[in-house]
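Read it with the sequence and the structure side by side.

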Amino acid sequence: MTAPLALEPARTALVLVDLMDRIVALPLEPRKGTEVLLTCEELASTFRSAGATVVLIRVERPGAEQPPGSGLVAGLLKDGDIEIVKRTIGGFQGTGLDERLRERGLTTLVFAGIATNLGVESTARAAADLGYDLVFVEDAMTAFTAAEHEASVRLDFPRLGSVAQSTGVGFVNG
């Protein structure tokens, strides 16, 4: 994808998956979790400034005490954002996410987070099944191996939506 995307802020949400201290700190490829976190923070700031919705999804283990670092990275969640707690790999099952997005009239979801081929892809596949338009920000994702990341980004995501770099995501009239 070479042309910048021109998204409508009122119909678009940035969906950030599993940006929790314990996950960001894992050994990840092709980029470190801290690099992905920085790019995601920049994207979130851009989305908020444009008046678009930011959704932060984090995982909790069902019926268990949560390990240290299970909350979202400090300072990531801002007033007006949607926080979703999932108990499966994807962010839709049993979370009310679809209802919350539809209440706001959102039709396009822009995905980023960790891990590319697990939480991000699982959530995106459910979103595609529900009829959302999808965008994947390649440089705002990472996985446990570069091969897993590349398989999602090069093989799967283009079949579900558009793949872009963070510098290519912008807004209409913005």
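A pocket here is an open set of grid points where a 1.4 Å probe fits, with protein on both sides within 12 Å along at least five of seven lines. The model is a predicted one. By that definition, the largest pocket has a volume of about 230 Å³.

**Largest pocket**

- The lining of the largest pocket consists of 13 residues, and those closest to the centre are D18, I23, V59, K86 and L118.
- Two helices, α1 (21–24) and α4 (116–129), each contribute at least two residues to the lining.
- By residue type, the lining of the largest pocket holds 8 nonpolar, 2 polar and 3 charged residues.

**Sheet layout**

- An open sheet is built from 6 strands in the order β4-β3-β2-β5-β6-β7, with parallel pairing.
- β4 (82–86) and β7 are the edge strands, and each of them pairs on one side only.
- On average, neighbouring strands of this sheet are turned by 25° against each other, direction ignored.

- β2 is largely enclosed by the rest of the structure, because 6 of its 6 residues are buried.
- In a regular strand, side chains alternate between the two faces of the sheet.
- In β2 both faces are covered: T12, L14 and L16 are buried on one side, and A13, V15 and V17 are buried on the other.
- β2 runs parallel to β5, and 6 bridges join the two strands.
- V17 has I57 in β3 as its bridge partner.

**The β3 and β4 side**

- Strand β3 (residues 53–59) runs parallel to β4, and 5 bridges join them.
- L56 stands opposite E83, which lies in β4.

- Strand β6 (residues 133–142) is mostly covered, with 9 of its 10 residues buried.
- Strand β5 (residues 108–114) pairs with β6 in the parallel sense over 6 bridges.
- The bridge partner of I114 is T142 in β6.
- Together, β5, α4 and β6 make a right-handed β-α-β unit.
- β6 is joined by 3 bridges to strand β7 (residues 162–164), and these two strands run parallel.
- F136 has V163 in β7 as its bridge partner.
- A right-handed β-α-β unit is also made by β6, helix α5 (residues 146–160) and β7.

- M20 is found in the loop between β2 (12–17) and α1.
- Is M20 buried or exposed?
- M20 counts as buried because its relative accessibility is 0%, and the cut-off for buried is under 20%.
- M20 and A124 are 104 residues apart in sequence, and their C-alpha atoms are 19 Å apart in space.

How values were computed:
Residues are numbered from 1 along each chain as its sequence is written. This is a predicted model: local features need pLDDT of at least 70, side-chain atom pairs count only at pLDDT 80 or more; totals for chains, interfaces and linings use all residues. Side-chain values use heavy atoms; hydrogens and water are left out. On a 1 Å grid over the protein atoms alone, a cavity is a set of points where a 1.4 Å probe fits but cannot get out, and a pocket is an open set with protein on both sides within 12 Å along at least five of seven lines; lining residues have an atom within 4 Å of a point. Grid points are joined across faces, edges and corners, and a volume is the space filled by probe spheres set on the points. Helices (H or I, at least four residues) and strands (E, at least two) are DSSP runs, numbered from the N terminus. Ala, Val, Leu, Ile, Met, Phe, Trp, Tyr, Cys and Pro count as nonpolar, Asp, Glu, Lys and Arg as charged, and the others, Gly among them, as polar. Buried means under 20% relative accessible area, exposed over 50%, partly exposed in between (1.4 Å probe, protein chains only). Two strands pair if DSSP finds at least two bridges between them. A crossover is right-handed if, with the strands pointing away from the viewer, the path from the first strand over the helix to the second runs clockwise. Axes are lines fitted to C-alpha atoms, for helices over the stretch in contact, and angles run from 0 to 180 degrees between N-to-C directions.
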